[in-house]
Amino acid sequence: MDLRRCLVSHRVLSRLRMDIQSVLRALSLSLSLSLSLSLLLWTSGGALGDDGWHMKVEAEVRGIEGYPVVLPCTFSHPQHSQHSSLQVIWRLGHGQGATVLYRCSSRPGTSACEPGPQQDQRYRLEGNPREHVLSLRINGATLQDSGRYYCRVEVQGREHISFEDKMGTRLRVEAPPKILDLMVEGSDQSGFRAVCRVQGSPLPDVQWLGPDDLLEGSPAGPLAQGSPARYQTVSQLRDVEPGQRYTCSASNPLGKDQAALYVLAPKPPPTTAGAPPPSLLLLLSASLGAKVLLLVGMGVWMVQAGALQGVGCWRK
């Protein structure tokens, strides 16, 4: 009996030991994940180079079409000298396909950063490079300005030092819906359909309103994948009837836009193309006949008058 109790106690202790080890492993894994996540969150706001550079940017910035937007960027360096010339560069995209949007130079002893003569005036530096602020301001943001931007600073001197954030800042420009085109297509044989083309970001939701109630439209097909077209969508409404009014309504979280059209009934074709009606021909014939008779009468009268005058003269 004592032997059985010892075996049971040993089994219980072994199982308890295994449970404790499992709990410790789970706690260790959880602690490792927490540390990794904390490190990731700490480094997501900026980039730290091996040589002591530190640059901080925003991961994403949202703007509204037509309004200015600022892309924040700051940097620091332990060996940075106020007596060195600085050059600031902002690029859209990365690699060979990148486009330099802004470039300026700051000389020692000045707080201004002078851009080049060909610089687009929509872009401006919002900050003082001498205070390590390199934020970019974009005036009148458009949907085409959406993309990933990269901030770069270069310290010019005996040793040319430069640093650039590798992650970049994603700019997302949003816009309320705008109806670009609303028209009717088709014929009597194939039927008529209303087509509505709208623009916005996020892409608007399109609805159709008939004379009495809400109607079901359908996409007209995918648009080209170009830069302007990715913010546009097309909806069509089939089997529209002449003599009726239809409304295209587009909406997204930023607003709503509507436009209405009235479908006119097609004009009936003429009975005989190019030929006037018989009554008009009869009227023209009568008018021409009267003119001919009038001209003949005047001619006869003039001949008779001339003959009489000639006889009178002969008698004299």
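This is a predicted model: local features need pLDDT of at least 70, side-chain atom pairs count only at pLDDT 80 or more; totals for chains, interfaces and linings use all residues.
Residues are numbered from 1 along each chain as its sequence is written, and side-chain values use heavy atoms, with hydrogens and water left out.

**Exercise 1. The overall picture**

Find how many helices and strands the protein has, and what percentage of its residues is buried.

Solution. Start with the secondary structure: there are two helices and 20 strands. Helices (H or I, at least four residues) and strands (E, at least two) are DSSP runs, numbered from the N terminus. Next, turn to burial: of the 316 residues, 27% are buried. Buried means under 20% relative accessible area, exposed means over 50%, and partly exposed lies in between (1.4 Å probe, protein chains only).

**Exercise 2. Inside the core**

Which residues have the most contacts inside the largest nonpolar core, and which strand gives the largest share of this core?

Solution. First, the term: a nonpolar core is a set of buried Ala, Val, Leu, Ile, Met, Phe, Trp, Tyr and Cys residues joined through side-chain atoms within 4.5 Å. The largest one has 31 residues, and M55, L71, W90, I138 and L171 have the most contacts inside it. Strand β11 (residues 147-156) supplies the largest share, four residues. Another core, of 14 residues, lies apart from it and includes W208 and C248.

Now zoom in on L71. Contact means heavy atoms within 4.5 Å. Setting aside neighbours within four places in sequence, the contacts of L71 include W90, I138, Y149 and L171.

**Exercise 3. The partners of β6**

Work out which strands pair with β6, and in which sense.

Solution. Begin with β6 itself (residues 85-92): six of its eight residues are buried. Two strands pair if DSSP finds at least two bridges between them. β6 pairs with β11 in the antiparallel sense over eight bridges, and I89 stands opposite R152 in β11. β6 also pairs with strand β7 (residues 99-106), again in the antiparallel sense, over seven bridges; here Q87 stands opposite S105. Finally, look at the turn: β6 and β7 form a hairpin with six residues between them, and G93 in the turn has a positive phi of about 90 degrees.

**Exercise 4. Salt bridges**

What parts of the chain does the pair R152 and E164 tie together, and is each residue buried or partly exposed?

Solution. A salt bridge is a side-chain nitrogen of Lys or Arg within 4 Å of a carboxyl oxygen of Asp or Glu. By this rule the count is ten. R152 and E164 form one of them, at 3.8 Å from N to O. R152 lies in strand β11 and E164 in strand β12 (residues 161-164), so the pair ties together parts twelve residues apart in sequence. R152 is partly exposed at 23% relative accessibility, whereas E164 is buried at 6%.

For a second case, take R193 and E185, whose side chains meet at 3.2 Å, N to O. R193 is partly exposed, at 27%, and E185 is partly exposed, at 28%. To finish, find the network of salt bridges that links E60, R62, R170, R172 and E174.
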